[in-house]
Amino acid sequence: LLYIMRTRKVHTKDAAMRYKVTKTFLTEQFHLFNELYFDGRLEPPAFFIYTSRSGPVAMFRRKGRTKKPGIWINNSIDWNEEELVLTLIHEMIHYYVRTVINYEGIFSHGFHFLKVRWDIWKKHGIKIPISGNNLKYK
């Protein structure tokens, strides 16, 4: 079970409540998960919400000359809270691998990503999905 499910009510996939992505929600969740799962080692990224029916569900990038980290979330997905939270943690793992572990390799879901994902699962019982193939567009 998700940590969040143990601490407050979360809408399930069967519930009618769906989420519109907001930067406020992402920022609040980022700070919570950064402390819980990444020992507070991640600096707050810029959050970008975009709409695309053919683009990725979400992504982590460092852009510009300053390489400021950013997390992009696709608002065309019919999100529920659990899916959105798991996707955010997935992107935070990418952020951790690239900035704390300092791995910039070509295998974005390779050894380092899988190790951090495994550690979170073993320590907190949260199974982070590798892909968003099960998510549906609005």
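Analyst: Of the contacts between residues at least 6 apart in sequence, 62% join residues at least 24 apart; contact here means heavy atoms within 4.5 Å. This is a predicted model, in which local features need pLDDT of at least 70 and side-chain atom pairs count only at pLDDT 80 or more, while totals for chains, interfaces and linings use all residues. Residues are numbered from 1 along each chain as its sequence is written, and side-chain values use heavy atoms, with hydrogens and water left out.

User: How many helices and strands does the chain have, and what pattern do they follow?

Analyst: The chain holds four helices and three strands, in the order α-α-β-β-β-α-α along the sequence. Helices (H or I, at least four residues) and strands (E, at least two) are DSSP runs, numbered from the N terminus.

User: What makes Y96 count as buried or exposed?

Analyst: Buried means under 20% relative accessible area, exposed means over 50%, and partly exposed lies in between (1.4 Å probe, protein chains only). Y96 has 15% relative accessibility, so Y96 counts as buried. D39 has 59% relative accessibility and therefore counts as exposed. In the chain of 138 residues, 41% are buried.

User: Where is D39, and what is its phi?

Analyst: D39 lies in the loop between helix 2 and strand 1 (46-50), just after helix 2. Its phi is near 55 degrees, a positive value in a residue other than glycine. A positive phi also follows helix 4, at G125, where the value is near 75 degrees.

User: What makes a group of residues a nonpolar core, and how many residues has the largest one?

Analyst: A nonpolar core is a set of buried Ala, Val, Leu, Ile, Met, Phe, Trp, Tyr and Cys residues joined through side-chain atoms within 4.5 Å. The largest such core has 31 residues, and F38, I73, M92, I93 and I120 have the most contacts inside it. Two or more residues come from each of helix 2 (23-38), strand 2 (58-63), strand 3 (68-74), helix 3 (81-99) and helix 4 (111-124). Helix 3 gives the largest share, 10 residues.

User: Which residues are in contact with F38, leaving aside its neighbours within four places in sequence?

Analyst: They are F33, I89, M92, I93, Y96, V116 and I120. F38 is one of the buried residues of helix 2, which also include F25, L26, Q29 and F30.

User: Why is the pair of F38 and Y96 given the name it has?

Analyst: A pair of aromatic rings is described by the distance of the centres and the angle of the planes. Rings of Phe, Tyr and Trp (its six-membered ring) pair if their centres lie within 6.5 Å; planes under 30 degrees apart count as stacked, over 60 as edge-to-face and the rest as tilted. The centres of F38 and Y96 are 5.5 Å apart and the planes stand at 40 degrees, so this pair is tilted. The pair links distant parts of the chain, with F38 in helix 2 and Y96 in helix 3, 58 residues apart.

User: What is the angle between the planes of F33 and Y37, and how is that pair classed?

Analyst: The planes of F33 and Y37 are 15 degrees apart, with 5.6 Å from centre to centre, and the pair is stacked. Both residues lie in helix 2, four residues apart, about one turn of the helix, and both are buried. The whole structure has six aromatic pairs; ring pairs also link F30, F47 and Y95 into a cluster.

User: How do you know that the length of helix 4 agrees with its number of residues?

Analyst: The expected span is 1.5 Å times one less than the number of residues. For the 14 residues of helix 4 this gives 20 Å, and the end C-alpha atoms are 20 Å apart, which agrees.

User: Which residues of helix 4 are buried, and where do they lie around the axis?

Analyst: F113, V116, R117 and I120 are buried. They cover an arc of only 100 degrees around the axis, which puts them on the same side of helix 4; the arc is that of the directions from the helix axis to the C-beta atoms. An α-helix has 3.6 residues a turn, so residues three or four places apart point the same way. Helix 2 and helix 3 are among what covers this buried side, while the face turned away carries the exposed residues F111, K122 and K123.
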